[in-house]
Amino acid sequence: MLPWKRVLRPLTALLLTAAVALVPAATAHADSAPSSGWNDYSCKPSAAHPRPVVLVHGTLGNSVDNWLGLAPYLEHRGYCVFSLDYGQLSGVPFFYGLGPIDKSAEQLQVFVDKVLAATGATKADLVGHSQGGMMPRYYLKFLGGAGKVNALVGIAPNNHGTTLSGLTNLLPYFPGAEDLLSTATPGLADQVVGSAFMAKLNAGGDTVAGVHYTVIATRHDEVVTPYRTAFLSGSDVHNVLLQDLCPLDLSEHVAIGLIDRIAFHEVTNALDPAHATRTTCASVFS
């Protein structure tokens with residue numbers, strides 16, 4: 001039998017590949033995000049867009065690089081936009097979202113309160129990529145977030161655990177591998193299909209009353225696998241497959257959150273359903 005390190009090696013390679021895509025050489029922090037509408041605490045929501053939008057990055061992402069596409073897109077359309085860093089491990093700079101997810105949700109709770117106090121709004125809208133589209137559900141369900149959030153929009157969220165293209169299915173065969181993953185990167189371990197965190201998060205139903213949920217998934221997702229596990233069940237849920245909007249869209253897990261303007265257009269529809277317009281391949285030019 002091959003040693004467990006041989007199995008973890010492709011997992012590490014995949015994570016590093018995602019990291020390269022998410023974090024440019026000159027990585028910035030939330031405080032250095034553009035100050036005109038994005039993390040500008042003097043921004044006051046308009047009558048057209050009365051709620052601030054809080055962007056929640058994914059695993060190995062951060063509050064700036066994950067949103068270099070979507071934040072300006074929303075700012076240009078008149079939204080007050082904010083983003084946070086969460087889930088930092090001691091001694092690990094730039095790469096966030098690796099800490100225990102329940103603790104990350106507590107950081108989101110504090111940040112949303114800060115944004116609401118600064119803007120004067122009574123509720124916020126949350127838009128998250130990958131873990132950032134799933135982690136807020138813990139905040140909504142267990143930390144009182146449902147009273148402070150109008151909508152949660154998840155872009156390729158890991159809502160029911162992932163097999164990571166089958167790699168996680170091999171972990172039980174290698175003694176110590178699961179413990180190593182849980183100890184070194186609890187935020188990753190929490191996202192494995194069948195984890196205790198996932199069981200708690202989804203027990204009793206996927207959603208909570210009073211929050212509007214939208215999930216935007218891609219058929220080509222290689223991280224959230226199978227891709228349909230991103231979808232939620234509930235009375236106020238809108239599940240969207242990107243390729244149903246534009247069959248030509250080849251975005252995978254990273255691209256759908258970073259650069260896909262077709263997905264971005266669907267985000268704005270979810271944030272302002274009263275003025276939603278049809279999302280098509282031509283939305284890339286909108």
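Two strands pair if DSSP finds at least two bridges between them. Helices (H or I, at least four residues) and strands (E, at least two) are DSSP runs, numbered from the N terminus. This is a predicted model: local features need pLDDT of at least 70, side-chain atom pairs count only at pLDDT 80 or more, and totals for chains, interfaces and linings use all residues. Residues are numbered from 1 along each chain as its sequence is written, and side-chain values use heavy atoms, with hydrogens and water left out.

**Exercise 1. The sheet**

Find the order of the strands in the open sheet, and state whether the pairing is parallel or antiparallel.

Solution. 
- Start with the inventory: the chain has 10 helices and six strands.
- Six strands make an open sheet, in the order S2-S1-S3-S4-S5-S6. The pairing is parallel.
- Now take the edges. S2 and strand S6 (237–241) each have a single partner strand, so one side of each is left without a neighbour in the sheet.
- On average, neighbouring strands are turned by 15 degrees against each other, direction ignored.
- Look at one pair. S5 and S6 are joined in the parallel sense over five bridges. Val215 has Asn239 in S6 as its bridge partner.
- H3 lies across S1, S2 and S3 and runs at about 155 degrees to S2. Here axes are lines fitted to C-alpha atoms, for helices over the stretch in contact, and angles run from 0 to 180 degrees between N-to-C directions.

**Exercise 2. The cores**

Which residues touch the most other members of the largest nonpolar core?

Solution. 
- Buried means under 20% relative accessible area, exposed over 50%, partly exposed in between (1.4 Å probe, protein chains only). A nonpolar core is a set of buried Ala, Val, Leu, Ile, Met, Phe, Trp, Tyr and Cys residues joined through side-chain atoms within 4.5 Å.
- Buried residues are 54% of the 286 in the chain.
- The largest core holds 39 residues, and Val54, Leu108, Leu126, Tyr139, Leu140 and Val211 touch the most other members.
- Elements giving two or more residues to this core include strand S1 (53–56), helix H3 (101–119) and strand S3 (124–129). H3 gives the largest share, seven residues.
- Zoom in on Val54. Leaving out residues up to four places away in sequence, its contacts (heavy atoms within 4.5 Å) include Phe82, Leu108, Phe111 and Val127.
- A second, separate core has 25 residues, among them Leu55, Leu70, Phe264 and Ala270.

**Exercise 3. The disulfides**

Solution. 
- Apply the rule: a disulfide is a pair of cysteine sulfur atoms within 2.5 Å. The count comes to two.
- Cys43 and Cys80 are bonded, with their sulfur atoms 2.0 Å apart.
- Cys43 lies in the loop between helix H1 (4–22) and S1, and Cys80 in the loop between helix H2 (70–76) and S2, so the pair ties together parts that are 37 residues apart in sequence.
- Check burial. Cys43 is buried at 16% relative accessible area, and Cys80 is buried at 1%.
- Cys246 joins Cys281, S to S 2.0 Å. The torsion about their S-S bond is about 100 degrees, so this disulfide is right-handed.
- Cys246 is buried, at 4%, whereas Cys281 is partly exposed, at 28%.
- In sequence order, the bonded cysteines pair 1-2, 3-4.
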